[in-house]
Amino acid sequence: KRNALSDGLMAALGQRFAELPDSVRAVVLHGEGQHFCAGLDLSELRDRDAVEGLQHSRSWYPILRDIEQGRVPVVAALHGAVVGGGLELACACHIRVADETAYFALPEGSRGIFVGGGGSVRIPKLIGTARMMDMMLTGRVYNAQDGERLGFAQYLVPAGQALDKAIELAQRVAQNAPLTNYALMHALPRITEQPADHGFFTEALISSIAQAAPEAKERVRAFLEGRAAK
């Protein structure tokens with residue numbers, strides 16, 4: 001099913017992220033086979049009533065929130081289908097690497113349904129409301145090149161190289177001070193949605209906390225003493 005998101009798969013993802021060892025500093029999320037994820041497993045959808053559908057959507061939210069607002073940055077390696085719920089999952093990650101086989105779509109409109117995994121909140125922040133509306137109204141599909149240009153991915157690599165690039169980036173990210181990574185994941189998205197005066201104050205608070213951390217002090221000292229890379 002091209003890594004379709006069943007209830008069981010979502011529960012396994014949630015458990016995996018909830019049980020990350022303390023030693024983990026970054027995560028790579030990758031789809032086995034020819035596709036990252038083709039979206040919701042529609043075979044589980046057909047018999048749900050409205051209340052069950054509401055509860056189903058809301059069961060996804062804490063899982064994707066724990067990816068987006070968890071302890072460590074998550075890098076998604078995208079190839080093949082990044083469609084529907086698969087795109088919602090990818091957009092909960094912090095860095096997305098697409099290879100040239102990746103394509104992005106939201107076919108919910110043609111299925112008579114609506115996004116239910118937080119897509120209407122996350123996706124417009126990447127590409128804008130009008131583009132998302134167009135994708136759902138017309139079934140428009142973006143290829144890897146256009147997807148990278150629009151913001152679905154920050155990196156575009158040759159076919160078959162997304163995972164290697166994602167691991168390379170995760171290793172780089174893992175070298176950062178954990179508190180700085182945490183601030184980037186949690187403070188930066190909130191600051192961008194605050195009024196300017198609130199954002200400036202929040203930035204000053206986070207900056208003061210980050211630079212006061214012992215690891216930050218040691219890193220600055222190493223740089224000033226010529227012991228760190230320029």
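Because lysine 165 and glutamate 168 lie three residues apart in helix H8 (residues 162–174), about one helical turn separates them. In this predicted model, their side chains meet in a salt bridge, with an N to O distance of 3.4 Å.

Lysine 165 is partly exposed because its relative accessibility is 21%, and glutamate 168 is partly exposed because its value is 44%.

Side chains of opposite charge can pair when their charged atoms come close. A search of the whole structure returns 12 salt bridges.

One of the pairs joins glutamate 193 to lysine 125, with 2.5 Å from N to O. Glutamate 193 counts as exposed because its relative accessible area is 53%, a value over the 50% cut-off. Lysine 125 is likewise exposed, with a relative accessible area of 56%.

Another salt bridge is formed by glutamate 215 and arginine 25, whose closest N and O atoms are 3.9 Å apart. This pair also connects distant parts of the chain, its members being 190 residues apart. Glutamate 215 is located in helix H11 (residues 214–224), whereas arginine 25 is in the loop between helix H1 (7–18) and strand S1 (27–30). Glutamate 215 is partly exposed, at 32% relative accessibility; arginine 25 is also partly exposed, at 32%.

## A salt-bridge network

Salt bridges also occur as a network in this model, linking Glu218, Arg221, Glu225 and Arg227.

## A nonpolar surface patch

Which residues make the nonpolar surface patch of about 260 Å²? Leu179, Tyr182 and Ile209 form this patch.

Isoleucine 209 is placed in helix H10, which covers residues 196–212. Is isoleucine 209 buried or partly exposed? Its relative accessibility is 48%, so isoleucine 209 counts as partly exposed.

Note on methods
Residues numbered from 1 in each chain as written. Predicted model: local features only at pLDDT ≥ 70, side-chain atom pairs only at ≥ 80, totals over all residues. Heavy atoms only, no water. Patch = residues over 30% accessible without salt bridge, like charges linked within 9 Å, V, L, I, M, F, W, Y side chains within 5 Å. Areas by Shrake-Rupley, 256 points an atom, 1.4 Å probe, with all protein chains shown as cover. Salt bridge = Lys/Arg side-chain N within 4 Å of Asp/Glu carboxyl O. Helix = DSSP H or I, 4+ residues; strand = E, 2+ residues; numbered from the N terminus. Buried < 20%, exposed > 50% of the residue type's maximum accessible area, 1.4 Å probe, protein only.
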